[in-house]
Amino acid sequence: MVTKSSILGLIAALAVVLIAVSAVGENVDSQVPKIGTVEESGFSQSCVETGCYTPSILTIKSGTVVTMTNTDPTGVHTFTSGNVDGFDPKPDGMFDSQVLMVGDAYERKFSQKGTFDYYCTLHTWMTGQIIVE
Ligand SMILES: [Cu+2]
């Protein structure tokens with residue numbers, strides 16, 4: 001026989017399951033697709049060890065739009081795809097934000113899986129990586 005309390009118990013159990021499922025779903029989500037620039041990263045190379053972009057390595061799922069913002073109030077920067085060989089920049093032409101003033105942002109959708117390096121054309125010690133899974 002179905003009683004009122006057993007129905008309530010069932011609803012409570014269902015709620016617990018739903019909460020658990022949604023919590024797992026959040027864990028599966030990739031990182032927030034935003035990258036900024038570290039304050040004063042254009043003045044010295046002291047940011048190199050800890051990362052001149054923040055985060056310096058961003059992992060996302062394919063199809064994600066990444067917002068790249070110049071969050072450094074002290075300088076202008078770029079997000080330019082490619083590598084820096086010593087101080088010799090090698091842009092690969094995949095993307096380029098051009099020069100971003102403080103607070104300006106550039107958005108790009110990453111559909112192709114892979115590891116994509118980028119740097120700042122004005123300060124070639126600034127390098128970062130976007131990993132698309
Ligand atoms: Cu820069």
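Which residues do ring pairs link into a cluster? Ring pairs join Tyr53, Phe79, Phe95, Phe110, Phe116 and Tyr118 into a cluster.

## Model and overall fold

This is a predicted model, in which local features need pLDDT of at least 70 and side-chain atom pairs count only at pLDDT 80 or more, while totals for chains, interfaces and linings use all residues. Residues are numbered from 1 along each chain as its sequence is written, and side-chain values use heavy atoms, with hydrogens and water left out.

The secondary structure of the protein chain comes to one helix and nine strands, where helices (H or I, at least four residues) and strands (E, at least two) are DSSP runs numbered from the N terminus. The order of the elements from the N terminus is α-β-β-β-β-β-β-β-β-β. Of the 133 residues of the protein chain, 30% count as buried; buried means under 20% relative accessible area, exposed over 50%, and partly exposed in between, with a 1.4 Å probe and protein chains only.

## Aromatic pairs

A search of the whole structure finds six aromatic pairs. The rings of Tyr53 and Tyr118 have their centres 4.7 Å apart and their planes at 70°, so this pair is edge-to-face. The pair links distant parts of the chain, since Tyr53 belongs to strand 2 (residues 53–54) and Tyr118 to strand 8 (residues 114–119), 65 residues apart. Both Tyr53 and Tyr118 are buried. For the pairs, rings of Phe, Tyr and Trp (its six-membered ring) must have centres within 6.5 Å, and planes under 30 degrees apart count as stacked, over 60 as edge-to-face and the rest as tilted.

The rings of Phe95 and Phe110, with centres 5.5 Å apart and planes at 85°, are likewise edge-to-face. This pair too links distant parts of the chain, with Phe95 in strand 6 (residues 88–96) and Phe110 in strand 7 (residues 105–110), 15 residues apart. Phe95 is buried, and Phe110 is buried as well. Arg108 lies over the face of Phe110, at 5.0 Å from the ring centre, a contact that requires NZ of Lys or CZ of Arg within 6 Å of the ring centre and within 35 degrees of the ring normal.

## Disulfide and cysteines

The whole structure holds one disulfide, a term for a pair of cysteine sulfur atoms within 2.5 Å. Cys47 and Cys52 form this disulfide, with their sulfur atoms 1.9 Å apart. The torsion about the S-S bond of Cys47 and Cys52 is about 85°, so the disulfide is right-handed. Cys47 is buried, with a relative accessible area of 6%, and Cys52 is buried at 2%. Cys120 also counts as buried, at 0% relative accessibility.

## Loops and backbone geometry

A cis peptide bond joins Thr54 and Pro55, with omega about -5°, and Pro55 lies in the loop between strand 2 and strand 3 (57–60). Glu40, in the loop between strand 1 (34–37) and strand 2, has phi near 65°, a positive value in a residue other than glycine, and is partly exposed with a relative accessible area of 45%. Gln98 lies in the loop between strand 6 and strand 7; its phi is near 65°, again a positive value in a residue other than glycine, and at 53% relative accessibility Gln98 counts as exposed.

Leu122 is in the loop between strand 8 and strand 9 (127–132) and is partly exposed, with a relative accessible area of 41%.
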